[in-house]
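Subject: Structure handover

Hello,

Here is the structure I promised you. Please open it alongside this message, and read on for what turned up.

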Amino acid sequence: MAITGECFCGEIRYRIEGKLRDARSCHCSRCRKVFSAQASAYAEVEPGQFHWEAGEELLTRYVGQQGFGLQFCSRCGSTLCGTFNGQVHGVTLGCVNGDPDIEIGMHIYVGSKAKWERMPEGVVQFEEGPPSSSE
Ligand SMILES: [Zn+2]
Ligand SMILES: [Zn+2]
C-alpha cells in the first residue's frame with residue numbers, strides 16, 4: 001500500500017509508491033529551527049516514487065546550503081519535504097499519515113540538543129552525526 005502524507009490544513013497531499021528509508025531525528029540547532037520542534041523527524045524517499053496528489057501550487061520553498069531545501073504549505077506552514085537540487089529527497093515524518101512501516105533508527109547531534117529536552121531511555125543516539133558519515 002502506498003504511503004500518503006498531507007499538511008496540517010490538508011490542501012497539499014502526496015503519495016509514495018515505495019518505502020521510506022533511513023528515518024532519523026536530528027537534534028542540532030538548525031533542525032530545531034527548521035522543524036520548529038525539539039528535533040527533526042525525517043526519512044528519505046526514492047525521488048521517482050514520490051508524487052504530489054493535490055495542492056502542489058500552494059507549495060513554497062526555501063533553498064539552503066549545498067542544494068538542500070525544504071518545501072512548505074503556504075497556507076498552514078507545515079514543512080512537508082526536503083529537496084536536493086530541486087528534487088524531493090525525503091519527507092518530514094510528522095506529515096505522514098498512519099503507519100509508514102518505519103521507525104526512527106537513530107538520534108543524531110544529541111550533543112547539541114536543546115537544554116530543555118530530555119532524551120528517552122534506550123534510544124540509539126550519537127553526540128554528532130552517525131559514525132559512518134564522520135571521518
Ligand atoms: Zn497546509
Ligand atoms: Zn540537524
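A donor here is an N, O or S atom within 2.8 Å of the metal. Water is not among the atoms, so a site may look incomplete. Keep in mind that this is a predicted model.

Zinc site
The zinc ion is ligand 2, and its protein donors are the SG atoms of Cys26, Cys28 and Cys31. They lie 2.1 to 2.3 Å from the ion. Along the chain, the donors of this zinc ion are spaced as C-x1-C-x2-C. Cys26 and Cys31 are both buried.

Seven strands form an open sheet: 7 strands in the order 6-7-8-9-4-3-10. The pairing is mixed. Strand 6 (59–63) and strand 10 (106–108) stand at the edges. Each has a single partner strand, so one side of each has no neighbour in the sheet. From one strand to the next, the twist averages 35 degrees.

Look at strands 8 and 9 in particular. They pair in the antiparallel sense, over 4 bridges. Glycine 82 sits opposite glycine 90 of strand 9.

Core
Which residues touch the most other members of the largest nonpolar core? They are Tyr14, Leu20, Trp52 and Leu80, out of 21 residues in that core. Four strands each supply at least two residues of this core: strand 2 (13–16), strand 5 (50–54), strand 8 (79–84) and strand 9 (87–92). In soluble globular proteins, nonpolar side chains tend to be buried together.

Best wishes

Terms used
Residues are numbered from 1 along each chain as its sequence is written. Chains are lettered from A and ligands numbered from 1 in the order in which they are written. This is a predicted model: local features need pLDDT of at least 70, side-chain atom pairs count only at pLDDT 80 or more; totals for chains, interfaces and linings use all residues. Side-chain values use heavy atoms; hydrogens and water are left out. A nonpolar core is a set of buried Ala, Val, Leu, Ile, Met, Phe, Trp, Tyr and Cys residues joined through side-chain atoms within 4.5 Å. Buried means under 20% relative accessible area, exposed over 50%, partly exposed in between (1.4 Å probe, protein chains only). Donors are N, O and S atoms within 2.8 Å of the metal (3.2 Å for Na, K and Ca); water is not among the atoms, so sites may look incomplete. Two strands pair if DSSP finds at least two bridges between them. Axes are lines fitted to C-alpha atoms, for helices over the stretch in contact, and angles run from 0 to 180 degrees between N-to-C directions.
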